Amino acid sequence: MMINTDVLVIGGSATGLVAGMTAKSNNPEKSVTVIRKEEKVMIPCGIPYIFGSVDSSDNNILPDAGLIGLGVDIVIDEVLSVDTEAKTCKTKSGEEYSYGKLIMGTGSMPAIPKWLKGTELDNVFTIPKNKVYLDDFHKKLENFNNIVVVGAGFIGVEVSDEINKTGKNVTLVEILPNVLGATFDAEFASKAEDMLVERGVNVKTNCGIQEILGDGKVESVKFADDTTMEADAVILSLGYMPNTTLAKEMGLALNEFGFIKADQYRRTSVKDVFAAGDCAEKVCFSTGKLSKIMLASTACTEARIAGLNLYDLNTFSTFKGTIGVYSTCIGDTGFGVAGLIEQTAVAEGFKVVTGEFTGMNRHPGKLAGAHSETVKLIVSEQSGLILGGEVMSGSSAGELTNVMGFAIQNNMTINDLLVTQIGTQPMLTASPAGYPLIKAAEVVAKKLKAKKAPAMA
């Protein structure tokens with residue numbers, strides 16, 4: 001028996017949730033079905049915290065209430081094949097569905113390098129979004145003491161810090177000179193690294209891993225310099241790969257990095273098929289180059305755009321490129337970045353001027369919860385456009401990072417930022433007279449003025 005639905009969403013993480021809700025709320029007369037493999041879906045960004053702060057994956061569940069409340073059908077199953085000409089799909093349980101519009105939200109999978117020996121050993125783990133896997137992994141961790149985490153991006157740093165809280169001996173290994181070195185300029189990354197070390201995480205940078213050693217299970221790791229370290233478990237945090245096997249079998253065009261090609265409306269190469277989230281192609285907002293960035297926040301934006309453009313193209317609802325807005329925290333210190341960092345901007349060929357200012361995130365600074373707040377802005381020397389920003393602050397760092405993302409997305413210049421109206425309150429924000437974001441803009445403006453002065457003389 002064929003089951004009919006107007007809109008079919010394949011995938012149930014952040015992309016599936018937002019795509020299903022947007023499709024239904026904007027087209028209430030249409031039937032919308034989300035097919036996903038997982039009974040319970042994890043909150044993607046909260047996964048590292050199940051190993052410490054929230055104690056269990058049961059406390060990190062993406063709620064279905066929004067979908068159910070709108071009348072979206074949720075099916076726990078796996079799509080095995082899709083016929084894009086007949087607009088039908090078959091599932092593992094034997095059901096067959098027909099659809100009018102299809103949104104691919106198949107997500108990503110942890111990357112496991114083929115060149116790395118020993119990944120097949122017991123007690124080598126990755127960080128997927130699969131609750132069953134993570135629960136098994138979490139339980140096994142109780143029996144381990146010496147844990148090596150490979151890869152010091154956001155996930156690697158957060159997982160290391162969380163497991164360290166439980167009293168385990170954690171060593172974080174990174175091939176770059178600093179943890180978070182691919183995302184932050186050195187002055188920010190080095191401070192994050194210092195804080196991790198102070199909290200008890202062993203950090204080994206400028207060092208790659210060569211092999212995982214053991215007889216059936218992990219016993220040690222061998223580094224690129226041929227030194228070894230004993231280990232009970234190894235956690236690979238080496239990035240993610242788009243999950244596009246089904247898309248390829250469907251005949252959807254993929255780009256050179258294996259992502260589903262999708263335009264600014266999230267349309268793929270096949271009519272009535274859209275793609276969003278980690279599986280979908282992205283370009284960098286500032287350079288126009290293909291991007292490998294995978295973020296739940298970006299996935300939600302893309303899913304929303306796909307859902308808004310299913311039946312009528314909306315020129316106001318387009319995806320013009322990935323800005324890359326990240327934040328994390330180490331203890332009570334938050335780190336955030338939006339857009340291009342200085343080293344990336346320079347490498348891309350931009351002439352940039354930077355400005356940095358450190359103040360307090362409360363006024364006066366003696367208030368409870370006060371924390372130093374450092375903001376760095378990266379600005380085009382020629383146009384004054386804000387290309388990127390970095391922040392190190394207290395709990396407000398994430399929201400301040402988002403503000404910088406808004407500025408970049410809306411093509412604000414340094415002069416726009418200088419005259420931006422802000423609201424301040426002693427318990428919530430920095431002083432209006434010493435607001436670090438605007439003070440950093442003043443530093444940039446002064447440098448730009450100095451550069452132009454000789455030409456005006």
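This is a predicted model: local features need pLDDT of at least 70, side-chain atom pairs count only at pLDDT 80 or more; totals for chains, interfaces and linings use all residues.
Asp161 forms a salt bridge with Arg199. The closest N and O atoms of the pair are 2.9 Å apart. Arg199 has 33% relative accessibility and counts as partly exposed.

## Other salt bridges

The structure holds 18 salt bridges. One of them joins Lys87 to Asp272, with the closest N and O atoms 2.5 Å apart. These two residues lie in distant parts of the chain, 185 residues apart. Lys87 is in the loop between strand 4 (79-83) and strand 5 (88-91). Asp272 is in the loop between helix 6 (245-250) and strand 17. Lys87 is partly exposed at 23% relative accessibility. Asp272 is buried at 13%.

Arg266 pairs with Glu302 in another salt bridge. Here the closest N and O atoms are 3.6 Å apart. Arg266 lies in the loop between helix 6 and strand 17, and Glu302 in helix 7, 36 residues away. Both residues are buried. Elsewhere, salt bridges with shared partners join Asp185, Glu187, Glu342 and Lys376 into one network.

## Helix 7

Helix 7 covers residues 296-308. At 1.5 Å a residue, its 13 residues should span 18 Å. The end C-alpha atoms are 18 Å apart, which agrees.

Buried residues of helix 7 include Ala296, Cys300, Glu302 and Ile305. The buried residues of this helix pack against helix 1 (14-26), strand 6 (96-104), strand 17 (273-275) and strand 18 (282-283).

Five strands form an open sheet in the order 20-21-24-23-22. Their pairing is antiparallel. Strand 20 (325-330) and strand 22 (352-360) stand at the edges. Each has a single partner strand, so one side of each is left without a neighbour in the sheet. On average, neighbouring strands are turned by 10 degrees against each other, direction ignored.

Six bridges join strand 21 (residues 333-339) to strand 24 (residues 386-393). Gly334 has Ser393 in strand 24 as its bridge partner.

## Met42

Met42 lies in the loop between strand 2 (32-36) and helix 2 (65-70). With 1% relative accessibility, Met42 counts as buried. Residues up to four places away in sequence aside, Met42 touches several others, among them Ser13, Ile47, Asn60, Lys129 and Leu134. Ala441 is 399 residues from Met42 in sequence, and their C-alpha atoms are 39 Å apart.

Methods: Residues are numbered from 1 along each chain as its sequence is written. Side-chain values use heavy atoms; hydrogens and water are left out. Two strands pair if DSSP finds at least two bridges between them. Helices (H or I, at least four residues) and strands (E, at least two) are DSSP runs, numbered from the N terminus. Axes are lines fitted to C-alpha atoms, for helices over the stretch in contact, and angles run from 0 to 180 degrees between N-to-C directions. Buried means under 20% relative accessible area, exposed over 50%, partly exposed in between (1.4 Å probe, protein chains only). Contact means heavy atoms within 4.5 Å. The expected span of a helix is 1.5 Å times one less than its number of residues. A salt bridge is a side-chain nitrogen of Lys or Arg within 4 Å of a carboxyl oxygen of Asp or Glu.
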